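Subject: Handover of a structure and notes on its contents

Dear colleague,

Please find the structure below, with the sequence alongside. My notes on what was found follow it.

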Amino acid sequence: MTTERGLVVCRILSLSRWVVVHIAVVSQYFPPEMGAPAARTFEHARRWSEAGHDVTVVTGFPNHPDGVIPEDYRGEYLRREEIEGIDVVRTWLYAARNAGFAKRLLNFASFSLSSMLSGSLLVESPDLVVATSPQLLVGVSGAVLSRRFDVPFIFEVRDLWPKSAVDLGALEHPALISMAEGLETALYHEAERVVIVSESFRDHIESRGVPSSDIHFIPNGIDPDFLDESQPRDVQAEYGLENDFVVGYIGTHGMSHGLEVVLDVAKRFEHLDTLDDITFMFVGDGAEKPNLQQQAETWGLDNVTFLPVQPREEIPSFYRACD
């Protein structure tokens, strides 16, 4: 990598304003999808665009986490649109609910392949390529595109794959684990820089032979202006919770979130007469939501309420409703 390219990578990582470049971002998730990966990628792309950089995001058609593509996007294989100054290229994928290993793998692989093709044809001369997990195959697409354009590749690691899948029991076959770990290591070494969202990832990535100097910690953030400017909504009144102490969870209901622990706590609290005004509020969707709802019904938990996914601009109102 030339000195000039090295400077470009370092300046982008620090969001510098004094070098204008074209950044290509590969992310399977992007608004209007909800969730942390979509939100983080959007906020980074928006801030880079506001700083004067050209930003192209290669993403899929929205379908996470329920596997249903919104009506406005159905029947299309490719779409190009502009969102707050960001050039967004949406490419075909096999839409699948965030459950079941085979269908999720097909969902991941289809996006990886189509994003390679669409990115190669529709992204014009980027100065660097950023790929963000989850999932691991997005990194493959990012690495291929960086070689296609002969530019640096930055790999943002939001989840440790395949480690998280192995820890959850979703990936058990030794040969598949070995292949996935080999791919993971290859992507770390292909990247000019590895970005992590948690310092706890550093030891794992260093164990794969990546120098600590090539690993950059950029944590998740909060936009205080968004919280201040959002339209207030009286969630407690809307759902009859005015007199309750509300314990809230807002986000994806997936295998890795351990929300059955919260139900167990709710079950214990239900039998305490002095604490019968505590309500456990779950907001969002995910593969485990039906199981959580079934468990709550089986246990007869009257102190638990499940609410659907909410528009992003209304999320602060739900945070305000929580004690």
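I begin with a loop residue: Ser-125 is placed in the loop between helix 3 (101-122) and strand 5 (128-132). Please bear in mind throughout that this is a predicted model.

**Backbone**

Ser-125 has a phi near 40 degrees, which is a positive value in a residue other than glycine. With a relative accessibility of 59%, Ser-125 counts as exposed. Glu-84 also has a positive phi, near 50 degrees, and is likewise a residue other than glycine. Glu-84 is located in the loop between strand 3 and strand 4 (86-91), and its relative accessibility of 53% makes it count as exposed.

Two cis peptide bonds deserve a note. One runs from Pro-31 to Pro-32, with omega near 15 degrees; Pro-32 is in the loop between strand 1 (22-26) and helix 2 (36-50). Another runs from Trp-161 to Pro-162, with omega near 5 degrees, and Pro-162 belongs to the loop between strand 6 (153-157) and helix 5 (163-167).

Gly-60 is part of strand 2 and is buried, its relative accessible area being 0%. Between the C-alpha atoms of Gly-60 and Val-304 there are 34 Å, and the two residues are 244 residues apart along the chain.

**Salt bridges**

The count of salt bridges is 18.

- Glu-76 and Arg-79 form a salt bridge whose closest N and O atoms are 2.5 Å apart. Glu-76 is partly exposed, at a relative accessible area of 26%.
- Arg-193 and Asp-214 form a salt bridge in which the closest N and O atoms are 4.0 Å apart. Arg-193 lies in strand 7 (residues 193-196) and Asp-214 in the loop between helix 7 (201-206) and strand 8 (215-217), so this pair ties together parts that are 21 residues apart in sequence. Arg-193 counts as buried at 12% relative accessibility, whereas Asp-214 counts as partly exposed at 24%.
- Asp-264 and Arg-268 meet through their side chains in a salt bridge of 3.2 Å, N to O. Both belong to helix 10 (residues 260-270), where they are four residues apart and therefore separated by about one helical turn. Asp-264 is partly exposed, with a relative accessible area of 28%, while Arg-268 counts as exposed at 58% relative accessibility.

**Aromatic rings**

How many aromatic pairs does the count give? The count comes to seven. The rings of Phe-61 and Tyr-73 have centres 6.1 Å apart and planes at 70 degrees; since planes over 60 degrees apart count as edge-to-face, the pair is edge-to-face. Phe-61 and Tyr-73 are twelve residues apart, and each is in the loop between strand 2 (54-60) and strand 3 (78-83). Phe-61 and Tyr-73 are both buried.

In the pair of Phe-282 and Phe-306, the ring centres are 4.9 Å apart and the planes stand at 20 degrees, so the pair is stacked. Phe-282 is in strand 10 (residues 278-283) and Phe-306 in strand 11 (residues 304-307), so parts that are 24 residues apart in sequence are tied together by this pair. Phe-282 and Phe-306 are both buried.

The charged end of Lys-267 is over the ring of Trp-299, at 4.3 Å from its centre. Arg-148 is over the face of Phe-149, 4.5 Å from the ring centre.

**Cavity**

The count gives one cavity of 30 Å³ or more. The largest cavity holds about 80 Å³ of space. Which residues line the largest cavity? They are Gln-28, Tyr-29, Asn-63, His-64, Ala-96, Arg-97, Asn-98, Arg-104, Asn-107 and Phe-108. By class, three of the lining residues are nonpolar, five are polar and two are charged.

Yours sincerely

Methods. Residues are numbered from 1 along each chain as its sequence is written. Side-chain values use heavy atoms; hydrogens and water are left out. On a 1 Å grid over the protein atoms alone, a cavity is a set of points where a 1.4 Å probe fits but cannot get out, and a pocket is an open set with protein on both sides within 12 Å along at least five of seven lines; lining residues have an atom within 4 Å of a point. Grid points are joined across faces, edges and corners, and a volume is the space filled by probe spheres set on the points. Ala, Val, Leu, Ile, Met, Phe, Trp, Tyr, Cys and Pro count as nonpolar, Asp, Glu, Lys and Arg as charged, and the others, Gly among them, as polar. Rings of Phe, Tyr and Trp (its six-membered ring) pair if their centres lie within 6.5 Å; planes under 30 degrees apart count as stacked, over 60 as edge-to-face and the rest as tilted. Helices (H or I, at least four residues) and strands (E, at least two) are DSSP runs, numbered from the N terminus. Buried means under 20% relative accessible area, exposed over 50%, partly exposed in between (1.4 Å probe, protein chains only). A charge sits over a ring if NZ of Lys or CZ of Arg is within 6 Å of the ring centre and within 35 degrees of the ring normal.
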